[in-house]
Amino acid sequence: MAWRIGIDTGGTFTDVIACDEASGQWLERKVWTVKATPGKSIRAALDALGIPLEDIATVVYGTTAVTNALVENKLARVAFVATAGFGDVLEIARQRRNVVFDLKARHRPPPQVPHGDCFEIDERTLASGEVETGVRTEDVAALAARVSPYDAVAVSLLHSYANPANEQRVAEVLSRECRFVSVSHDVSPEAREYERGASTALNAALLPMMASFVDSLAQAGIREGHLHLFHSAGGMLSPRAAARFPLMLAMSGPAAGVEAAAEVCKRMHIERAVTMDMGGTTTDCSLVLDGRPQLQMSGSIGAHPIRQPMMAVDSIGAGGGSIIRLTANGLQVGPDSAGASPGPACYGRGGVEPTLTDAFAVLGYFGTGAGTHRPIEIDVRRARDAFAPIAQALGIDVEAAALGALKVANAVAARSLKRITMGQGVDLRTCELVAYGGTGPMLAAHFAQDVGIAKVVVPARSSSLSAFGCISSRPSFTRQRTVAGGVEQTDRGKIERLLDELAETVTSELASDDARVRYSALMRYAGQSSEIEVPIDRPVELERMGDDFHRRHEALYGFSADEPWDCVALRATALGERRELSHETVPIAETAPRPVAHARMYMQGLGLCDALEFHRGDLGSVRIDGPALITDEVSTIVVPQGWSAVKASGEHIILERHDK
C-alpha cells in the first residue's frame with residue numbers, strides 16, 4: 001500500500017484524510033486537537049487511521065503554529081540590523097492611523113523590534129545595485145559581539161534586493177556568533193523598505209520556535225522526506241525550507257482549504273466564488289476567480305504586517321467554538337473560543353459558556369443524527385442552559401437569543417466577504433458561495449440569503465476540506481522581485497534576466513526534478529496605488545504584456561484605459577508534479593431520497609417548524625426543498641424555507657434560492 005495523508009489541525013478538531021494510491025480506498029477521521037508537540041499531534045492523527053507507518057508514502061500537514069505565535073505574540077527576542085541612518089525604519093513604519101478621529105489613541109502598534117534592539121552598520125548599496133560603500137570586516141566583527149546575546153538576528157540593508165552582496169557578507173560573519181540569522185534578500189527581495197524589514201524581523205523571531213517544531217516532527221515516526229508542510233501560498237514545503245522561512249507558514253491551515261475550494265470551482269466551471277471556512281475558532285473567507293485563488297503579497301496577522309506570498313484570506317474570530325457574550329453594545333461573537341477543552345456546552349466536555357455551536361444546537365440544526373454514527377453526542381439541554389442567562393437578560397426566549405447570535409455571526413462574515421470582493425471590484429451578489437469547515441454548511445444558506453447570493457456549493461468532504469487540500473497539493477515555491485519602471489523604461493532583456501534569476505531560486509528551493517515554473521507580472525496604470533497579477537509567457541513580449549494587462553483590468557474592474565502601465569514586480573512559482581488521486585465514483589440516484597427522520601428547527605420568519613432530515617449519501621438528482629436538514633457523521637447542511645438542495649457530480653451538494 002502507498003497512502004497519501006493530509007492533516008489539518010484546528011482549534012477544536014484535527015481532521016485527517018487518507019487515500020491509498022494503489023486501491024483508491026479513502027479513510028477520513030476527525031479527532032480532538034491535543035495540546036502536544038507537533039510530532040505527537042501528527043502521530044495521534046495517524047493512529048486514528050490505523051495505517052502502519054511503513055505503508056505511508058506522503059504526509060502533508062497544515063499547521064496553525066506560526067499563526068498562533070504571531071497572534072499571541074510569542075516571539076523570540078530579535079536584534080535588527082540596518083544600514084547606517086536607517087535604524088528607525090521599523091519605528092517610523094507607515095503613516096496609516098488605525099483610529100482616525102481619536103487623537104489620544106495610539107495610531108499603530110509598537111514596532112516589531114524595540115528601538116534599543118536596532119543596530120546600524122556603515123554600508124550603502126544604490127537602487128541600481130551598485131555597491132557605493134562596502135562592508136568593513138572590523139565593523140561586522142564589532143556588530144557580532146553586540147548582537148550575540150539575542151535569540152535571533154534580522155539583517156535588512158538598503159536596496160539589498162537589487163544586490164545582496166553587502167547583506168550576504170554581514171550575515172556570513174554574524175552566523176558564526178548567532179545560530180538564527182534571517183536576511184531580507186531571502187525573505188522579501190523587494191522594495192518597500194519598511195515591509196521588507198518588518199517581514200525579515202518576524203521571520204527571525206519565528207526561527208527558534210520553528211527549529212523546535214521541525215525537530216519534534218521526528219516523533220511522528222515518518223520516514224525522512226515523506227513529511228511536508230502546507231505553506232501560505234498553497235502547496236507543499238519541506239521541513240528544511242520551513243526551518244529557514246517560517247513566515248511562509250503564516251496562513252498554512254486556511255490556505256489548504258482555499259486551494260481545495262478553488263479546485264472545486266475549476267471542476268464545476270464556477271467563474272466567481274467566495275469561500276467561507278467556518279471551523280472551531282475562526283471563519284476564513286477568500287475570493288476565487290476563474291478557478292484560481294487570489295494571492296496577496298501584503299497582509300497582517302494580529303498586529304504584525306507581513307510581506308510574503310500568501311493566499312488572500314480574511315480571518316475573523318467567529319467560529320463554531322466562539323463564545324457569545326452580552327455586552328453594552330449587544331451580542332458579541334468571539335473572538336475568544338471554547339476550543340477543544342472545555343469546548344461548547346453541548347459537547348458535554350465541561351463547557352458552560354454559550355458558543356455559536358450551542359446556538360446551532362438550540363435552533364435544532366444538528367437534527368436527530370438518525371442513521372449516522374457521530375463521534376459526539378449533542379446535548380441540547382446543556383446548550384439551552386448556557387444561553388438561558390443571555391435570554392433572561394434580554395427578556396426573550398432561548399431560541400430568539402440563539403437566532404440573534406447567528407445574525408451577528410452572519411454580519412461579521414458579511415463584512416469580511418465585502419472587504420475581499422469590493423477590493424477587487426467584484427459584486428458579492430454575482431458570486432457563488434463555497435461553504436465548508438465543521439460548521440460552515442450550517443450557516444451558509446442563511447448567510448447567502450442575507451448578502452444576496454443565490455447559490456451555495458457544499459463540497460464533498462466539506463468538514464475536512466482543508467485536510468483534503470493538503471492531501472491533493474503538490475510541491476510549490478513562490479518568490480517575487482521588484483522591477484521598477486513603466487512601459488517606456490521597461491527593458492525586455494532586464495525582465496528576462498530577472499525571470500531567469502527567479503526561476504533558479506524557486507527551483508533550487510523546491511528540490512524537485514520535475515518542476516515547472518509559472519511566471520506573472522504585478523502591473524498597474526501609472527499613478528495607481530495597487531497592482532494586479534497578470535500571467536506572462538516566455539519569451540517576454542512587452543506589447544503582449546500590455547494587452548494582457550488591459551484585458552485583465554477590464555475583467556476585474558469593468559474598464560480599461562488607454563494609458564501607460566507600470567510593471568511593479570515579477571513573480572515566479574515553481575510547481576512540482578500533482579499526483580492525481582483516484583476518486584470513488586458513486587452513481588447519482590435519479591429517485592427522490594427518503595427522509596431518515598422528522599426534525600424540528602427554529603428559523604427566522606417561521607419560528608419553530610417541521611423539517612425533513614436526509615442522509616447526505618442518499619441525495620441524488622431529484623431536488624429536495626427546505627426547510628430540511630442534510631446530515632452525515634461529522635456535519636450538517638441546513639436548507640431553509642425557499643431553498644432547495646441537489647447532488648452534483650463529484651458528490652458536491654448545491655443549494656439554490658428560489659424566493660428571490
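Figure 1. Patches are made of residues with over 30% relative accessible area and no salt bridge, where like charges are joined within 9 Å and nonpolar side chains (Val, Leu, Ile, Met, Phe, Trp, Tyr) within 5 Å. A salt bridge, in turn, is a side-chain nitrogen of Lys or Arg within 4 Å of a carboxyl oxygen of Asp or Glu. In this predicted model, local features need pLDDT of at least 70, side-chain atom pairs count only at pLDDT 80 or more, and totals for chains, interfaces and linings use all residues. Residues are numbered from 1 along each chain as its sequence is written, and side-chain values use heavy atoms, with hydrogens and water left out. Here L326, L394 and I396 make a nonpolar patch of about 220 Å² (areas come from the Shrake-Rupley method with a 1.4 Å probe, and for residues only the protein chains shown count as cover). L394 sits in helix α11, residues 380–394 (helices are DSSP runs of H or I with at least four residues, strands are runs of E with at least two, and both are numbered from the N terminus). L394 counts as partly exposed because its relative accessibility is 40%; buried means under 20% relative accessible area, exposed over 50%, and partly exposed in between (1.4 Å probe, protein chains only).

**Figure 2. Helix α10 under cover.** How many of the residues of α10 are buried? It's 8 of 8 in this helix, which covers residues 356–363. Among them are L356, F360 and L363. The buried residues of α10 pack against several partners, including β13 (272–278), β19 (322–327) and α12 (398–422).

**Figure 3. R77 and D117 join two loops.** These two residues form a salt bridge, with their closest N and O atoms 3.2 Å apart. R77 is in the loop between α2 (65–71) and β5 (78–83), while D117 is in the loop between α3 (89–92) and β6 (118–121), so the pair ties together parts 40 residues apart in sequence. Which partner is buried? D117 is buried, at a relative accessible area of 9%, whereas R77 is partly exposed at 45%.

**Figure 4. E195 reaches R94.** The side chains of E195 and R94 meet in a salt bridge of 2.8 Å, N to O. E195 belongs to helix α7 (residues 193–216) and R94 to the loop between α3 and β6, so this pair links parts 101 residues apart in sequence. E195 is buried at 11% relative accessibility, and R94 is partly exposed at 32%.

Figure 5. E263 and R267 form a salt bridge, their closest N and O atoms lying 3.3 Å apart. Both are in helix α9 (residues 252–267), 4 residues apart, or about one turn of the helix. E263 is partly exposed at 23% relative accessibility, while R267 is exposed, with a relative accessible area of 52%.

**Figure 6. A salt-bridge network.** D122, R136, E138 and D139 are linked together by salt bridges. The structure holds 31 salt bridges.

Methods. Contact means heavy atoms within 4.5 Å.
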